[in-house]
Amino acid sequence: MLNIQGTVDPNGVRCVESLVRDHVLRSCVYTHSTTSTNTLALDELNGNAFTDQHLPRLYLTDSQTAGRGRLGRTWSTSDDSLTFSMLIRNTNFDTPTSVPLSLAAGIATAEALDALLSPVATQIKWPNDVYVDGKKVAGILVEVNQKHPSLAVVGIGINIHTAPLLEQNQAAVEAASLSQFVSHPLSRFDVLDEVVRRMLETTSHSVTHRFRQKCCLTGEMISLFHSGQDRQGECRGIDDCGRLLIDIDGQLVAIQSGEATRVRRQ
């Protein structure tokens with residue numbers, strides 16, 4: 001089921017039709033422009049505007065005017081970027097011992113880009129920012145609704161041909177576009193197809209080992225706001241539940257959520 005709103009890119013329509021035909025997706029809302037694909041998905045979630053026959057459901061736009069990122073960040077995108085959200089079942093990732101869906105989304109996105117950019121390889125900055133050559137190329141925001149705890153909205157933004165200007169609180173992060181790293185033409189809908197397919201086949205049980213191989217913070221000195229204060233220590237990777245491990249003055253601390261930043265060793 002494909003719900004088209006406005007004049008959209010016909011290449012995008014063909015891509016989505018292929019994903020539905022191959023039973024990767026069951027439905028899609030494709031808009032010419034929207035404030036945020038995550039907001040669009042959450043509004044439908046709040047309004048019960050879908051049934052199980054619609055899931056997994058894709059929300060795709062050619063232009064996003066008020067996208068949301070982690071920690072309340074916002075940005076706008078055009079058809080130089082790829083912006084979409086997926087409404088999916090969260091049942092494989094919502095147990096106390098499972099890896100968070102946000103980590104799985106990061107792995108799926110990074111491995112999809114590896115396939116498209118080879119021999120260029122990605123890394124992940126915990127929990128799910130995707131980097132190439134030390135520059136951020138993709139970000140992910142996972143949101144849930146208390147009315148539907150078994151469902152999750154996974155929002156993904158990928159810089160295809162241009163890199164957005166980042167906010168002041170991201171001044172230490174340099175952004176880049178995928179096109180900077182490849183010599184061949186890169187279609188945002190080829191990227192969409194690869195990421196969606198990998199996202200929906202990724203399971204909690206296979207994530208931790210793959211994440212450890214791509215974690216760009218392991219072995220680095222980092223700063224992280226935790227328990228009401230800024231903490232610094234050496235990153236030791238992640239545990240089996242996806243928590244960031246930090247050695248702080250000889251004590252290994254597991255962090256469930258937060259924003260980690262590299263710092264220079266004293």
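Modeller: Start at Leu58. Leu58 touches Val16, Leu25, Ser27, Cys28, Val29, Phe84, Ser85, Met86, Leu192 and Val196, leaving out residues up to four places away in sequence. Touching, or contact, means heavy atoms within 4.5 Å. This is a predicted model, where local features need pLDDT of at least 70 and side-chain atom pairs pLDDT 80 or more, while totals for chains, interfaces and linings use all residues. Residues are numbered from 1 along each chain as its sequence is written, and side-chain values use heavy atoms, without hydrogens and water.

Now the core. The largest nonpolar core has 64 residues, and Leu58, Leu60, Phe84 and Leu244 touch the most other members. Such a core is a set of buried Ala, Val, Leu, Ile, Met, Phe, Trp, Tyr and Cys residues joined through side-chain atoms within 4.5 Å. Helix α3 (residues 101-117) gives this core its largest share, 10 residues. Helices here are DSSP runs of H or I, at least four residues, numbered from the N terminus. A second, separate core holds 11 residues, including Val29 and Leu40.

Next, Glu44. Glu44 sits in helix α2 (residues 37-46). Glu44 counts as buried because its relative accessibility is 16%; buried means under 20% relative accessible area, exposed over 50%, partly exposed in between (1.4 Å probe, protein chains only). Beyond its neighbours within four places in sequence, Glu44 contacts Val29, Ala49, Phe50, Arg57 and Tyr59.

How values were computed:
Helix = DSSP H or I, 4+ residues; strand = E, 2+ residues; numbered from the N terminus.
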